[in-house]
Amino acid sequence: MKKILITGGAGFIGSHVVRRFVNKYPEYQIYNLDALTYAGNLENIKDIENQPNYNFVKGDIVDETFIYELFSTHNFDGVLHLAAESHVDRSIEDPLAFVKTNVIGTMNLLNAAKKQWKDNFEGKRFYHISTDEVYGSLGAEGLFTETTPYDPNSPYSASKASSDHFVRAYGETYGLPYVLTNCSNNYGSYHFPEKLIPLFINNIINNKSLPVYGDGNYTRDWLFVEDHAIAIDLVFHEGKNHETYNIGGFNEWKNIDLVKLLCQIMDQKLGRDSGTSEKLITYVKDRPGHDLRYAIDASKINKELGWKPSVTFEEGLEKTINWYLNNEEWLKNVTSGSYKDYYKKQYS
Ligand code: NAD
Ligand code: TYD
């Protein structure tokens, strides 16, 4: 039986990956390791928590002794590493927290895997899930490819770039079998409402202002989170060792156009007059060091592994908005902070 460690499985993307692996691979024992920071929410995965192949471990990847003990107890066959501090705005306020989790935490996992596996890498794999933000900012033209030089601008992207470099260094120096992916902005269910799309959906529901940074002419390439989870599954099982794959939806939107689209759809869904939600748009002070444009060339993963997004942006956004409207309880628990009680209720 394969033992797979997934870190950050109570977060947004991690919860979709854990769900997919638990449901699709009953032959694997899945260990979800998560520190349950503000971004970790066990309600994200309550539908699979009683499955016989699911195990939750509360712990911090920054704690070296704990990570070594976990690896020596379980001798994992594979690691999918998603745990991270993930919000650019928070990285501007507290960069060191990002160095601790994203750099030191990744180092601890790499060292533990190297120590545990060193005599036998056969059948082992360390998968680091990363971001396109490591490549920096594009101008009006061009796409990030796997060979675009790293040029991170925010403390978040600098910390992810650093951890990517260490993963590659462990591959080159010690022969650690790794795969790495750099993905564009995700959207979908269970997304913490501090990021653009869930924050604005929640604010529209509650008639609160929609703070658009700067002039709103910043571009992001949006991918439905379940398509990211499908890509992660594929790369984990079929990606080549020591390779990087870019993942993206070929789906660029200027922030302001995306926000206006969200407003229109939300007006229809909520039975409000057309134009009601747009009145909530407020242009606010720009984010310092704001990257102008991200856009991914995902042709390598398409050609080599046959992956492409399964839904259009219109379909994905519709599913996402419907999910938030149908899961008000989840949203309420997240915004009130009561989601933090779930661990105590279920596990202690
Ligand atoms: P998230 O913030 O929603 O979740 C992060 C999870 O990691 C949380 O459950 C949190 O509790 C856990 N965690 C944080 N610090 C930890 C620590 N020290 N020890 C153990 N667990 C800890 O993040 P996300 O948006 O799901 O992103 C997951 C991964 O995907 C990250 O590595 C991120 O860099 C990457 N990524 C995200 C996006 C995106 O659009 N969200 C795009 C590309 C790549
Ligand atoms: P975000 O969801 O924070 O993701 P990232 O910074 O990793 O791309 O932001 C997406 C875009 O939306 C980014 O250009 C910043 C912008 N933005 C706003 O204009 N207002 C907001 O309140 C937030 C959270 C983001």
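Trainee: Before we start, what counts as a helix or a strand here?
Mentor: Helices are DSSP runs of H or I with at least four residues. Strands are runs of E with at least two. Both are numbered from the N terminus. Keep in mind that this is a predicted model.

Trainee: OK. Where does E64 sit, then?
Mentor: E64 is in helix α2, which covers residues 64–74.

Trainee: Which residues gather with E64 in a patch of negative charge?
Mentor: D60, D63 and E69. Together with E64 they make up that patch on the surface.

Trainee: What about a nonpolar patch on the surface?
Mentor: L96, V99 and I104 form one. Their accessible area together is about 240 Å². I104 belongs to helix α4, residues 95–117. I104 is partly exposed, at 37% relative accessible area.

Trainee: Switching to salt bridges. How many does the structure hold?
Mentor: Eleven. In general, side chains of opposite charge can pair when their charged atoms come close.

Trainee: Give me one. What does D47 pair with?
Mentor: R19. The closest N and O atoms of the two are 2.8 Å apart.

Trainee: And which parts does that pair tie together?
Mentor: D47 is in the loop between β2 (28–34) and β3 (54–58), and R19 is in helix α1 (residues 12–24), so the bridge links parts 28 residues apart in sequence. D47 is partly exposed at 48% relative accessibility. R19, at 15%, is buried.

Trainee: How about K24, what does it bridge to?
Mentor: D233, again by a salt bridge, with the closest N and O atoms 2.8 Å apart. K24 lies in α1 and D233 in α7 (residues 225–238), so here the parts tied together are 209 residues apart in sequence.

Trainee: Are those two buried or exposed?
Mentor: K24 is partly exposed, with 43% relative accessible area. D233 counts as buried at 3%.

Trainee: Next one. What does R90 meet in a salt bridge?
Mentor: E194, at 2.7 Å from N to O. E194 is in the loop between β7 and α6, while R90 is in helix α3 (residues 88–93), so that pair joins parts 104 residues apart in sequence. E194 is buried, with a relative accessible area of 14%. R90 is partly exposed, at 33%.

Trainee: Which residues do shared partners join into one network?
Mentor: R20, K24 and D233.

Trainee: You mentioned α6. How enclosed is it?
Mentor: Largely. Helix α6 covers residues 196–205, and seven of its ten residues are buried, so the rest of the structure largely encloses it.

Trainee: Which seven?
Mentor: I197, P198, F200, I201, N202, N203 and I204.

Trainee: Pick a residue in α10. What does T320 contact?
Mentor: Leaving aside neighbours within four places in sequence, T320 touches Y187, G188, I201 and F224. I201 is one of the buried residues of α6. T320 itself lies in α10.

Trainee: Where's N75, and what's its phi?
Mentor: N75 is in the loop between α2 and β4 (78–81). Its phi is near 45°, a positive value in a residue other than glycine. N75 is partly exposed too, at 34% relative accessibility.

Trainee: Last one, W117. Buried or exposed?
Mentor: Buried, at 1% relative accessible area. W117 is in helix α4.

Trainee: What is it in contact with?
Mentor: Setting aside neighbours within four places in sequence, W117 contacts N75, F76, D77, G78 and V79, along with K124, R125, F126 and L176.

Trainee: And how far is W117 from K308?
Mentor: They are 33 Å apart in space, C-alpha to C-alpha, and 191 residues apart in sequence.

Technical notes: Residues are numbered from 1 along each chain as its sequence is written. Chains are lettered from A and ligands numbered from 1 in the order in which they are written. This is a predicted model: local features need pLDDT of at least 70, side-chain atom pairs count only at pLDDT 80 or more; totals for chains, interfaces and linings use all residues. Side-chain values use heavy atoms; hydrogens and water are left out. Patches are made of residues with over 30% relative accessible area and no salt bridge: like charges are joined within 9 Å, nonpolar side chains (Val, Leu, Ile, Met, Phe, Trp, Tyr) within 5 Å. Accessible areas come from the Shrake-Rupley method with a 1.4 Å probe; for residues, only the protein chains shown count as cover. A salt bridge is a side-chain nitrogen of Lys or Arg within 4 Å of a carboxyl oxygen of Asp or Glu. Lys and Arg count as positive and Asp and Glu as negative; His and the chain ends are not counted. The place of a charge is taken as NZ of Lys, CZ of Arg, CG of Asp or CD of Glu. Buried means under 20% relative accessible area, exposed over 50%, partly exposed in between (1.4 Å probe, protein chains only). Contact means heavy atoms within 4.5 Å.
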